[in-house]
Amino acid sequence: MGAQLRALWGWFDARMPSVAEQWKIHAANYYAPKNFNFWYFFGALSMLVLGIQIVSGIFLTMNYKPDASLAFGSVEYIMRDVPGGWLLRYIHSTGASAFFVVVYLHMFRGLLYGSYKQPRELVWIFGVLIYLTLMGEAFFGYLLPWGQMSYWGAQVIVNLFGTVPLIGPDLALWIRGDYVVSDATLNRFFALHVIAFPLVLLGLVVAHILALHDVGSNNPDGIEIKKTKGPDGHPLDGIPFHPYYTVKDLMGAVLFLAIFCFIMFFVPEVGGYFLEYNNFIPADPLKTPEHIAPVWYFTPFYSILRAVPPLFNSQFPGVMAMGIATMILFFLPWLDRSPVKSIRYRGVLYKSWLAAFVVVFLILGYLGTENTNVWGQFGFDAFFLDTKDIATWAARVCTLVYFLFFFLMPWYTARDKVLPVPERVTS
Amino acid sequence: MRKFLLVALLAPLAAFAAGGGYPLDRSPHDPRDLVSLQSGAHVFVNYCLGCHSAQYVRYQGLTGIGLSEAQIRDNLMFTADKIGEPMKGPMTIKEGKQWFGVAPPDLSVIARSRGADWLYTYLRTFYRDPKTVSGWNNAVFPNVAMPHALWMLQGERGLQVEVPKDGHGHVAYKWSEVSKGAQSVTEYDATVRDLVNFLVYVGEPHAASRKAIGVLTLFALGVLFVLAYLLKKEYWKDVH
């Protein structure tokens, strides 16, 4: 029996790229730095969540109806009458937010240790593309439950495209397939959500990992471990990904799943942040909710959009700012002029700017979930105060810091006093 | 740095707690109290289902609150013939619009959009107001289209709102009795508690099994984590 199986294996190996060879390249013989810390869990976890979303999504699709008159009811049908349907739905809704949590932490890791710097620019660019695709995927998916927030959130976002000069209104019409968000919009968003964007996402993830495994992983010291090789030709500071990081990531995955399950089973709404309360009201095109807020993972950019004052009655400058706020990420590898990668050997300038960036990102995220009068109004009047809402001005300051973090980066990273980088990784 | 981040993370929660409007009472409902759920179902079919529906809830699903199919058929099914039918009232959307100006909303997930505290307070804060079409108004939901459906139980009440002149400080709400209802204040509060309990139940009928499975899953993951940790430690002992 064993010999026959081996013969069958050999038959396949002779007719396609060797599986054993691929396993060696990407796991057993892929040498990763031995000093990965907590921050290095989130890449593998992102892939885990992607898997969770695809599998739960397939089963949801079997019961969901992409029809404006049936969609809301079909979600309730899943929640009540489909055996285990409530579990599938909560897995998928918790997974959506969890995806952004792990991806944001994964990206922050890149900022901490300079993982985007030469020679990993392409790894970073594929990563940013994954992030943008994920935003689209989340946006399309959020329309599907067809609640009030689904509907009006989509209405607001599609209208943003309508602000583009000249082609705007036609562009928005083309996206919606109708003059308002309607059944036609729901149908196309369903198609984009369940097949088009997941395909792109999978392709980009493969590219991201292939590029990474070609150049090798960065590490918390920002040292190229390939520079110091032992007599066997393997990096002295590297260990095979399998079994060392497979068992370590397994441990991280179990811990992550415990947190995931705690949220999913005990607080699936997370106080209205993961599942918004208003989304339990069916979409009503004639009734605009008093307060429209996107889900938490979009709110930093929504805040930037609202912070920028309109020009000639057009919101286009805000839309531009929001677009630039995401697109600027592509240029990060060339904006950073520091000779060192890791925050451990950077100077006070970069550390301060990164800390400021994190703080303003969180503040912008919070403000985006609230009305602009959440912090009250200024008690005085002045000619330059186009709005007296304190939160709007706070968002403007934060937006400025957000952009300065990137635009001033070539200047402050080049001037920063850096520490000497050791030859070998520290533990 | 770390401390500052924590403050920045928690600040939104503090701001979230603040807000205007009539202060909400905490709903005393208990999803494990089957008697309360059954009594809530009774109030629901007698007082709510005439105008509202709960179209995503099937009568059969009420076996989840400890009722047999025969009990459901005999006591709760006024407008349906088959046990598998959804809970729909006799009133159509068109009629609702004609009579109240708006169609009474479906109540299947009302507890999920409004929250239990809101419902518990709302159903206890109707008052007589000659300025509205229905003659009723509500402290939590000003100018609500719905008249007080439970007024025969609670009785009629009046409300005087005193706003402080300087615009600062708390708004004072002064309730008065116009006519007595069939129930005392305590009895009425219990009726509303039962009704809210039922609405929370139908909002998510699987909530109880969700939590039960959650406990088991977390226990299993806890065991798995210990094993995964030991496995990792075993493999990593030769990495220096």
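Colleague: Which residue lies over the face of A:Tyr350?
Modeller: In this predicted model, A:Arg346 lies over the face of A:Tyr350, at 3.9 Å from the ring centre.

Colleague: And what sits over the ring of B:Tyr120?
Modeller: The charged end of B:Arg124 does, 4.1 Å from the centre of that ring.

Colleague: Turning to rings that pair with rings, how many aromatic pairs are there over all chains?
Modeller: The count comes to 56 aromatic pairs over all chains. One of them is formed by A:Phe72 and B:Tyr56, with 5.9 Å from centre to centre and 50° between the planes, and this pair is tilted.

Colleague: Where do A:Phe72 and B:Tyr56 lie?
Modeller: The pair crosses between chains: A:Phe72 belongs to helix α4 (residues 71–80) of chain A, and B:Tyr56 to strand β1 (residues 54–58) of chain B.

Colleague: Are A:Phe72 and B:Tyr56 buried or exposed?
Modeller: Both A:Phe72 and B:Tyr56 are buried.

Colleague: Why is the pair of B:Trp118 and B:Tyr122 called stacked?
Modeller: The ring centres of B:Trp118 and B:Tyr122 are 4.6 Å apart and their planes meet at 20°. Planes under 30 degrees apart count as stacked, so this pair is stacked.

Colleague: How are B:Trp118 and B:Tyr122 placed in helix α6 of chain B?
Modeller: They are four residues apart in helix α6 (residues 116–122), so about one helical turn separates them. B:Trp118 is buried, with a relative accessible area of 13%, and B:Tyr122 is buried with 7%.

Colleague: New topic: which residues does a cis peptide bond join at A:Pro119?
Modeller: That bond joins A:Gln118 and A:Pro119, with omega about 10°. A:Pro119 is in the loop between α5 (85–113) and α6 (121–143) of chain A. A cis peptide bond also joins A:His242 and A:Pro243, with omega about 15°; A:Pro243 is in helix α10 (residues 241–266) of chain A.

Colleague: What about the phi of A:Leu166?
Modeller: Phi of A:Leu166 is near 65°, a positive value in a residue other than glycine. A:Leu166 is in the loop between α7 (148–161) and α8 (168–176) of chain A, and it is exposed, with a relative accessible area of 85%.

Colleague: Last, which residues make the nonpolar surface patch?
Modeller: A:Met1, A:Leu5, A:Leu8, A:Trp9, A:Trp11, A:Phe12, A:Met16 and A:Val19 make a patch of about 880 Å². Helix α1 (residues 2–13) of chain A gives the largest share, five residues.

Terms used: Residues numbered from 1 in each chain as written. Chains lettered and ligands numbered in written order. Predicted model: local features only at pLDDT ≥ 70, side-chain atom pairs only at ≥ 80, totals over all residues. Heavy atoms only, no water. Patch = residues over 30% accessible without salt bridge, like charges linked within 9 Å, V, L, I, M, F, W, Y side chains within 5 Å. Areas by Shrake-Rupley, 256 points an atom, 1.4 Å probe, with all protein chains shown as cover. Salt bridge = Lys/Arg side-chain N within 4 Å of Asp/Glu carboxyl O. Helix = DSSP H or I, 4+ residues; strand = E, 2+ residues; numbered from the N terminus. Phe/Tyr/Trp six-rings, centres within 6.5 Å; stacked < 30°, edge-to-face > 60°. Buried < 20%, exposed > 50% of the residue type's maximum accessible area, 1.4 Å probe, protein only. Lys NZ or Arg CZ within 6 Å of the ring centre and 35° of its normal.
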